[in-house]
Amino acid sequence: MTLEEFAAGEQKTERMDKVGDALEEVLSKALSQRTITVGVYEAAKLLNVDPDNVVLCLLAADEDDDRDVALQIHFTLIQAFCCENDINILRVTNPGRLAELLLLEPNASPAAGEGAQQPPDLHCVLVTNMSEHVGGLPAAEEILNPHSSQWKDPALSQLICFCRESRYMDQWVPVINLPER
């Protein structure tokens with residue numbers, strides 16, 4: 001490994017850490033504003049009804065999920081739909097950390113007690129438009145262009161730029177590893 005390759009690797013790691021931090025900030029903000037949809041089925045319903053307000057799609061899977069053919073088919077269909085509708089996509093390789101960020105139990109067991117609910121499906125998470133509406137109503141600019149307010153949030157803007165740069169390098173679904181804290 002040359003010095004140039006080592007420096008490039010360090011830059012890439014530092015950049016990925018910044019993107020991971022931005023993703024954590026976006027999820028925290030979206031959670032507080034209730035602009036998150038969790039689950040493959042719920043995401044599909046939202047994408048069918050209102051794709052123009054979706055600004056980010058997260059597909060979360062670990063190594064075990066890579067062998068799940070049905071899940072991979074869902075991912076392929078969601079990715080195709082998002083690409084067709086200009087929705088930014090990120091692949092997250094640490095669903096447990098994603099569950100922590102969304103304030104959910106990552107290892108909740110359905111057999112834990114009688115009537116216990118199944119753990120939420122974190123394989124697909126959508127973030128919808130995170131604009132701050134005055135009086136609960138969107139501004140005229142946001143009605144005409146729902147994605148206009150996304151540039152006002154620096155963390156979301158950083159994620160969108162990362163996705164765009166990845167597409168320019170023919171990486172249509174960039175992969176992010178959310179580090180444990």
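A salt bridge here is a side-chain nitrogen of Lys or Arg within 4 Å of a carboxyl oxygen of Asp or Glu. Glu24, Arg97 and Glu100 are tied together in a network of such bridges, and the count by this rule comes to five. The structure is a predicted model, with local features needing pLDDT of at least 70, side-chain atom pairs counting only at pLDDT 80 or more, and totals for chains, interfaces and linings using all residues. Residues are numbered from 1 along each chain as its sequence is written, and side-chain values use heavy atoms, with hydrogens and water left out.

As for the overall layout, the chain has six helices and five strands, taken as DSSP runs (helices H or I, at least four residues; strands E, at least two) numbered from the N terminus. Along the sequence they follow the pattern α-β-α-β-α-β-α-β-α-α-β. Of the 181 residues, 39% are buried (buried means under 20% relative accessible area, exposed over 50%, partly exposed in between; 1.4 Å probe, protein chains only).

β2 runs antiparallel to β4 (residues 124–128), with five bridges joining them (strands pair if DSSP finds at least two bridges between them); leucine 58 has valine 125 as its bridge partner in β4. With β3 (residues 88–92), β2 pairs in the parallel sense, again over five bridges, and here alanine 60 is partnered by valine 92. Valine 69 sits in α3 and counts as exposed because its relative accessibility is 57%.

Back to the charged pairs. Lysine 29 and aspartate 153 meet in a salt bridge at 2.7 Å, N to O. This pair links distant parts of the chain, 124 residues apart: lysine 29 lies in helix α1 (residues 3–32), aspartate 153 in the loop between α5 (140–144) and α6 (154–168). Lysine 29 is partly exposed at 27% relative accessibility, whereas aspartate 153 is buried at 9%. Aspartate 66 and arginine 91 also meet, at 3.5 Å, N to O, bringing together the loop between β2 and α3 and strand β3 across 25 residues. Aspartate 66 counts as partly exposed at 46%, and arginine 91 as buried at 16%.
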